[in-house]
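Below are a few notes for a colleague who is opening this entry and would like some places to begin reading.

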Amino acid sequence: MTHLECGACGAEHDASRLHNLCTACGKPLLPRYDLAAAGRTLTRDSLRSRRSDLWRYAEVLPVADPANIVSLGEGSTTLVRASRLGDGLGCKHLYIKDEAGNPTQSFKARGMAVAVSRARELGVSKVAAPSAGNAAGALAAYAARAGIEAYLFMPRDTPRANIIETSFTGAHVRLVDGLITDCGAEVARGKDAEGWFDVSTLKEPYRVEGKKTLGYELAEQLDWRLPDVIVYPTGGGTGLIGMWKAFAEMEELGWIGSERPRMISVQADSCAPIVRAFESGARFAEEFPNAATVASGLRVPKAIGDFLILDALRESRGAAVAVTDAELIEGAREIARLEGIFACPEGGACVPAVRQLVATGMIGADDRVVIFNTAAGVKYLDTYTQ
Ligand SMILES: *Cc1c(COP(=O)(O)O)cnc(C)c1O
C-alpha cells in the first residue's frame with residue numbers, strides 16, 4: 001500500500017496513520033497500492049499454492065506485517081451453479097456466490113477481518129460501529145479475537161441472532177430506537193470522548209478492501225473471465241464498490257482485460273435511495289424517508305459511498321432495481337426450493353431482480369449472471385416466522 005486516496009476529490013493521505021473520511025472533503029478514502037511491485041509476487045499462478053482464505057491476496061491488502069492478521073478463515077466461499085433456479089428465470093448461466101460460508105455466517109466477515117487487522121496494526125484498542133446486524137456480529141468476533149474492545153449500535157428491531165451473537169463476545173451492545181443512520185449518529189457523538197475508532201462502513205478505508213476480495217475470487221472461480229452481470233443486494237454498497245475496485249486492480253496487474261460486468265444494485269422498494277438516484281440521474285442519493293424493509297442489511301437510507309456505487313452502475317451500463325419485501329422473501333424460498341440453500345432475505349432479493357431484468361431484456365438468456373447470498377438464512381428466523 002502506498003497511500004490513501006479520496007474517492008471524490010483525489011486528495012492523498014498518509015496510510016501509516018489512522019484515518020476516517022477525507023479531511024479535505026468528507027468523502028471515503030480508498031487504499032492505493034504499487035501494483036507493479038505487487039505483481040512481481042502476486043500472480044495468477046502463485047494463487048494455486050497459497051492459503052485458501054482472503055489473505056492469499058496479501059500484496060493488495062493493507063496489512064503490512066502478517067503477525068497482525070486476525071483471521072477466522074474468511075473468504076474463498078463457493079460459487080454454486082444454479083441451473084434449476086436459472087431455468088425458471090430464463091437465465092442459462094446463473095451462479096450463486098454463497099457468502100453464508102464465511103465466519104459469522106455473513107460476508108461482513110471479509111471487511112471486518114481486514115479492518116480489525118489493520119486497526120490492530122495501527123494500535124487501536126477500542127472500535128465502534130453502527131450496524132444493521134451482521135456487521136456487528138463480525139466486528140465483535142474479530143475484535144474479540146484481537147483483544148480489542150468493541151462498541152456496537154444496532155436498531156432495536158435488528159434480527160435477534162445478530163444481537164445475541166454480538167453480546168456473546170462480550171462486546172458492548174446498545175439498541176437504538178431508530179435506523180442505522182441514528183446508530184451512526186450515536187457513534188459520532190461518543191467517539192471522541194470515549195476514544196473509539198469509528199469502523200462504520202466506508203468511513204474507514206479498509207472494510208472495502210476485505211470486500212473487494214469478492215471480485216478477485218469471482219475472476220479466479222470463473223477462470224479469469226468476469227461474468228456478464230453481477231446482481232448485488234445493496235445497503236452501503238461496500239461489496240459493489242470493492243468489486244469494481246478489484247476489477248481495476250486486476251486489469252492493472254494484467255490478469256483481465258478492460259471488459260466489465262454490468263453491475264446491478266438491488267434494493268427493497270421501501271428503502272431504495274440508490275434506485276431513486278440512479279433513475280433521476282443524480283450524482284448523490286438523497287436520504288430515503290421512512291425507510292423500512294425486513295431485509296435488515298438493505299435498511300440503509302443514506303450511504304456515504306453513494307456516488308461510488310452510482311458511478312460503477314453507470315460506467316458498467318448496469319442498473320438499479322427495487323423489489324418488494326414479499327418478493328424478496330419468496331425469492332429466498334425459491335433459492336431453498338430449487339438449489340437447497342437457506343438464503344437470507346437480502347440474497348432472496350436477487351431472484352425477483354433477475355426476473356425483472358430478464359423481462360426488460362437487460363439480462364439475456366445466455367448471459368453469465370452472478371447473484372449473492374450474503375448471509376445464512378438461519379440468522380433470520382424471526383423474519384421468516386413473522
Ligand atoms: C450488509 C449486508 C448487505 C449489504 O451490503 P453492503 O455492501 O453494505 O451494500 C447485504 N446483505 C447482508 C446480509 C448484509 O449483512
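Predicted model: local features only at pLDDT ≥ 70, side-chain atom pairs only at ≥ 80, totals over all residues.

**Notes on helix packing and the ligand site**

1. A second pair to inspect is helix 7 (residues 207–221) with helix 8 (residues 238–252), which pack at an angle of about 60° with their axes 7 Å apart. That angle makes helix 7 oblique to helix 8, and the crossing of these two helices is right-handed.

2. The contact between helix 7 and helix 8 includes Arg207, Lys211 and Leu214 from helix 7, while Ile241, Ala246 and Phe247 are among the residues that helix 8 contributes. The residues of this contact divide into 10 nonpolar, four polar and six charged.

3. Turning to the ligand, 17 residues surround it, and the closest are Lys108, Tyr232, Gly235, Gly237 and Thr374. In the side chain of Lys108, an N or O atom is 2.8 Å from an oxygen atom of the ligand.

4. Lys211, which belongs to the contact of helix 7 with helix 8, also has a polar side-chain atom 2.9 Å from an oxygen atom of the ligand. For Asn134, the distance from a side-chain N or O atom to an oxygen atom of the ligand is 2.9 Å.

Key:
Residues numbered from 1 in each chain as written. Heavy atoms only, no water. Axes fitted to C-alpha atoms, helices over the stretch in contact; angles between N-to-C directions. Helix = DSSP H or I, 4+ residues; strand = E, 2+ residues; numbered from the N terminus. Parallel < 35°, antiparallel > 145°, perpendicular 65-115°, else oblique. Left-handed = near helix turned anticlockwise from the far one by under 90°. Contact = heavy atoms within 4.5 Å. Nonpolar A, V, L, I, M, F, W, Y, C, P; charged D, E, K, R; others polar. Near = heavy atom within 4 Å. Polar contact = N/O pair within 3.5 Å; in protein donor to acceptor, adjacent residues only side chain to side chain.
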